[in-house]
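Biologist: Please walk me through this structure, one topic at a time.

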Amino acid sequence: MSRIMKIILFIIFFAVFFEAGLISSYTIVTSQAPDVGKLIGLQIEEVTSFLSFGSGSKIINTQGNMNITNYEQVASELTNKTSYDINVQSLTAQTTGTTKNAIFPVNITAIGYQNAISGSNTTGVVITANQTYSITASANASYDINDNLIVDVSTIKITSTSVLYGNASSTL
């Protein structure tokens, strides 16, 4: 046998044993019979996505934070939807999809604040901190003529809010 034929056979045997191990481990972990076609298709899709280097790849084509040009309108809409005061310096947009289309989806993150209201009339001084929230929203965006990111505020949907800092209070 030639040397090239041995290398090809080694690669084939390696792939067969790898797939057999993957299928058996999937069966052990999930206690279900695997759909072999979907498993192999998923592997092929991820490898081709990894090798495409930026043309729609979910692994390589992750983009960083993009500055929002119409941040005041976005902050106002987020305030309307959440009733939190939005820190406009914390507004950022991220996308993992392609931005080659005229309109593309973005995820918006922001920090919001809500004043803690104490309604009791006591003789002590109550010190409370503002509650701080992390807000995540999704929307559609586009670039204008000067390549500035413009978020369509009518498409903003709140996906999650979480408390970063609660209202721990102490009395003096």
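Modeller: A definition comes first: a residue is buried under 20% relative accessible area, exposed over 50% and partly exposed in between, with a 1.4 Å probe and protein chains only. This is a predicted model, in which local features need pLDDT of at least 70 and side-chain atom pairs count only at pLDDT 80 or more, while totals for chains, interfaces and linings use all residues. Residues are numbered from 1 along each chain as its sequence is written, and side-chain values use heavy atoms, with hydrogens and water left out.

Biologist: Is threonine 95 buried or exposed?

Modeller: Threonine 95 counts as buried because its relative accessible area is 3%.

Biologist: And where does threonine 95 lie?

Modeller: Threonine 95 is in the loop between S1 and strand S2 (104-114). Helices (H or I, at least four residues) and strands (E, at least two) are DSSP runs, numbered from the N terminus.

Biologist: Which backbone oxygen lies 3.1 Å from a polar atom of its side chain?

Modeller: That oxygen belongs to proline 105. A polar contact is a pair of N or O atoms within 3.5 Å; within protein, one must be able to donate a hydrogen and the other to accept it, and residues adjacent in sequence count only if both atoms are side-chain atoms.

Biologist: New topic. How many aromatic pairs does a search of the whole structure find?

Modeller: The search finds three. In one of them, phenylalanine 14 and phenylalanine 18 are stacked, at 6.5 Å centre to centre and 20° between the planes. Rings of Phe, Tyr and Trp (its six-membered ring) pair if their centres lie within 6.5 Å; planes under 30 degrees apart count as stacked, over 60 as edge-to-face and the rest as tilted.

Biologist: Where do phenylalanine 14 and phenylalanine 18 lie?

Modeller: Both are in helix H1 (residues 3-30), four residues apart, which is about one turn of the helix. Phenylalanine 14 counts as exposed because its relative accessibility is 55%, while phenylalanine 18 is partly exposed at 46%.

Biologist: Which tyrosines form a stacked pair?

Modeller: Tyrosine 84 and tyrosine 133 do, with 4.1 Å centre to centre and 5° between the planes. This pair links distant parts of the chain, 49 residues apart: tyrosine 84 is in the loop between helix H3 (71-82) and strand S1 (85-94), and tyrosine 133 is in strand S4 (residues 131-143). Tyrosine 84 is buried at a relative accessible area of 12%, and tyrosine 133 is buried at 9%.

Biologist: What is the bridge partner of glycine 112 in S4?

Modeller: The partner is tyrosine 133. S2 and S4 run antiparallel and are joined by eleven bridges. Two strands pair if DSSP finds at least two bridges between them.

Biologist: Over how many bridges do S4 and strand S6 pair?

Modeller: S4 and S6 (residues 157-165) pair over seven bridges, in the antiparallel sense. Threonine 136 stands opposite serine 160 there. S4 also pairs with strand S5 (residues 149-151), antiparallel, over three bridges, and serine 142 stands opposite isoleucine 150 in S5.

Biologist: Which residue takes a positive phi in the hairpin of S4 and S5?

Modeller: Aspartate 147 does, with phi near 60°; the hairpin has five residues between the strands. Serine 31, in the loop between H1 and helix H2 (36-51), also has a positive phi near 60°, in a residue other than glycine. Serine 31 is exposed, with a relative accessible area of 65%.

Biologist: Is alanine 137 buried or exposed?

Modeller: Alanine 137 counts as buried because its relative accessibility is 1%. This residue lies in strand S4. Leaving aside neighbours within four places in sequence, alanine 137 is in contact with residues including Leu78, Ile108 and Ile158; contact means heavy atoms within 4.5 Å.
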